[in-house]
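The following exercises concern one protein chain. Please study the sequence and the structure before reading each solution.

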Amino acid sequence: MSYYRNLRFTKKGRWATYPADAELWHTDHTSRYFEDHFGLWREILAVCIVGKEKEEEQHMYVPESFVEKLHARIQELTAQDPKGMEKLFIPFYASKEAAKREIPQINPPDLSKVSGGELADIYLENRDQAHRIVIYDQFTWLAEDYWPPLMDEVLVGKMKLTKDSEEYNTVLFALIKPREISTTLEEKRELIEETLKIQQGARTVEVAAERLAHDFGWMPVLAFGVPWNAERYESELKDTLTRETSALERELAELKNYTQIRDRDIVGIVKKYDISPEDLQVFVDFGLAIDTRNEAEYVASVAGFYLLPIYDEMVKRFKISINELRTLLEDEMVACLRGEADPRAVLKSKGRIIAWGLDGEKKERVNFSPGEGEEVFTYVESQQKAGKAQATYLTRGITANKGKARGKARLVPNPSDNHKVKQGDILIAYSTMVDNLPAMKNASAIVTESGGITCHAAVVSREFGIPCI
C-alpha cells in the first residue's frame, strides 16, 4: 500500500465491466507484452466494484509518473528516428491478421468433452491472444495527450489556423485519417452492398442477413457484448432499403475508394499549406496510434466472441451465474478448472471492491485484499476530488467530431442499456466501447464523461459522421 500512497494518479475513466472483463487489458501479462514492444513496463491501478446494491463499475487510474515516462519514451524514439513510432505501429497489422486467423482455431467443436485442465489451457490461449493485441489500444489510451500540442504547433503556429475552427477540425481529421478502411466502415460497406443486391433482386433479405451476421456478428463482443444475429441484420437491412438507391450507390463508391480519397485529400492539404515531411510525420504517427487502438479492440472482439462458449461451459461446470463467473479473476478461473479451488468459496471470499495494481517498481502485479481495496479506492478518489477542487472546473468538453444534432437524451451507463437508444437519440455514457455499437448505430450524437480524440466514441462518431463531445 505504501508504494501507491507515494504516487499521484490520473483517473482514466470508468466502465460498466466486471473484474474478468477488466483483465482483458490490465494484467501483468499485458504489461510484459507492452514492455517487450514499447520498451516500458505498463503501470496501472484497477478498481472494480461489484455487488447487488449498484451496477458493476471498473475505475481505472494511471500514475502521472508513468505517463511522463511514456511521453519521454516517444520523444526518445522519434529523436533517434523520425519514423521511430511509425515503425512500432506497423507490425500491428500483421499481428491483427494473424490473430483473426488463429483465434477461431482455439476452441474444439465440443467443449463439454474436454477435461478441466484442457479447458483451462483453451481459456488461457484465448486470453493470451487478446493480451498480445490490446497493448496497442493501451499505448494510445495512455499516450494520447502527447501528440495534440505537437499538432497544434503545426496547425496553429505554422499554418495559422484558429484553434477549434471549422477549418482547423477539417484539416486535423483529414491528416489523422488512417490509410486503410476501418472495420466499422468495412461493415457499413458490406451492408450497403447487400442492400443494393436485394434491390436488384440478386439477394433475399434473409440470405443477406445471414451473410452479414456470419462476417460481422462478432463485432460488439469486446468485454461481454451480445453478438449481432441474422434477425438484427434483417431489421437493419429493411431500414437501409428505404433509402434512395442513388444515395446508397454514392456512399458505396466513397467507401470502395476510401484509401484513394483519403490520400488525395492529404496531398491537397499538404500542397495548400506547404506542410513539411517532418511536420506531416506527427499526424502520421497520431493517425496510426488512433487506428491501431481502434482496430485492436476489434481483434479483441474476435477473442471475446470465441470466449463466450468457454464461459458457457465454465458456468455449467461451476454451477454459478455468468456474472458471478465474470467476478472471478483469470488465475481464479484456471485454479477452479484444475480442481485447485472451489468457485463458491472464492466468490465468498471477495468483498465489494476487487482491486489490483501493476507495480512498475517491482514489475509485478499486486492483488489487494477486500479491505485494502476499499482503502486504495478511497485514497485515489480523494486525490481526484482534491485536484478538481483546486482547479477551475468548467462544463467544457473536447470536440471529437464537430456538428449539430437534436434528439432525446438517453443515459447508457451499461451496454445492457443499449436498447434505450432509438434512431436519432443522443447517447450519453461514462465512455463507450465496442459493446456499445448497437446503440451508437442509432445515435445522432454521442456525449461521454471521459475520453479524448483517440477514444472509441471519438473514432466511431467520425466514421458515422455524427457529433461527439
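A contact, or touch, means that heavy atoms lie within 4.5 Å. This is a predicted model, in which local features need pLDDT of at least 70, side-chain atom pairs count only at pLDDT 80 or more, and totals for chains, interfaces and linings use all residues. Residues are numbered from 1 along each chain as its sequence is written, and side-chain values use heavy atoms, with hydrogens and water left out.

**Exercise 1.** Determine whether K96 is buried or exposed, and state which residues it touches.

*Solution.* First, locate the residue: K96 belongs to helix α6, residues 91–102. Helices here are DSSP runs of H or I with at least four residues, strands are runs of E with at least two, and both are numbered from the N terminus. Next, consider accessibility, where buried means under 20% relative accessible area, exposed over 50%, and partly exposed in between (1.4 Å probe, protein chains only). The relative accessible area of K96 is 11%, so K96 is buried. Finally, list the contacts: leaving aside residues up to four places away in sequence, K96 touches I133, T183, E295 and V299. I133 is 37 residues from K96 along the chain, and their C-alpha atoms are separated by 7.3 Å.

**Exercise 2.** Describe the largest nonpolar core and the contacts of W147.

*Solution.* Begin with the term: a nonpolar core is a set of buried Ala, Val, Leu, Ile, Met, Phe, Trp, Tyr and Cys residues joined through side-chain atoms within 4.5 Å. The largest such core has 107 residues, and W147 is among those with the most contacts inside it, as are F139 and L437. Helix α15 (residues 277–318) supplies the largest share of this core, twelve residues. Apart from it lies another core, of 23 residues, including L119, I310, Y311 and L347. Turning to W147, its contacts beyond four places in sequence are I74, F89, F139, V282, D285, F286 and A289.

**Exercise 3.** Compare K319 and K363: where does each lie, and what is its phi?

*Solution.* As background, most residues other than glycine have a negative phi. K319 is found in the loop between α15 and α16 (322–327). Its phi is near 60 degrees, a positive value, and K319 is exposed, at 65% relative accessible area. K363 occupies the loop between β4 (353–359) and β5 (364–367). Phi of K363 is near 55 degrees, also positive, while its relative accessibility of 46% makes K363 partly exposed.
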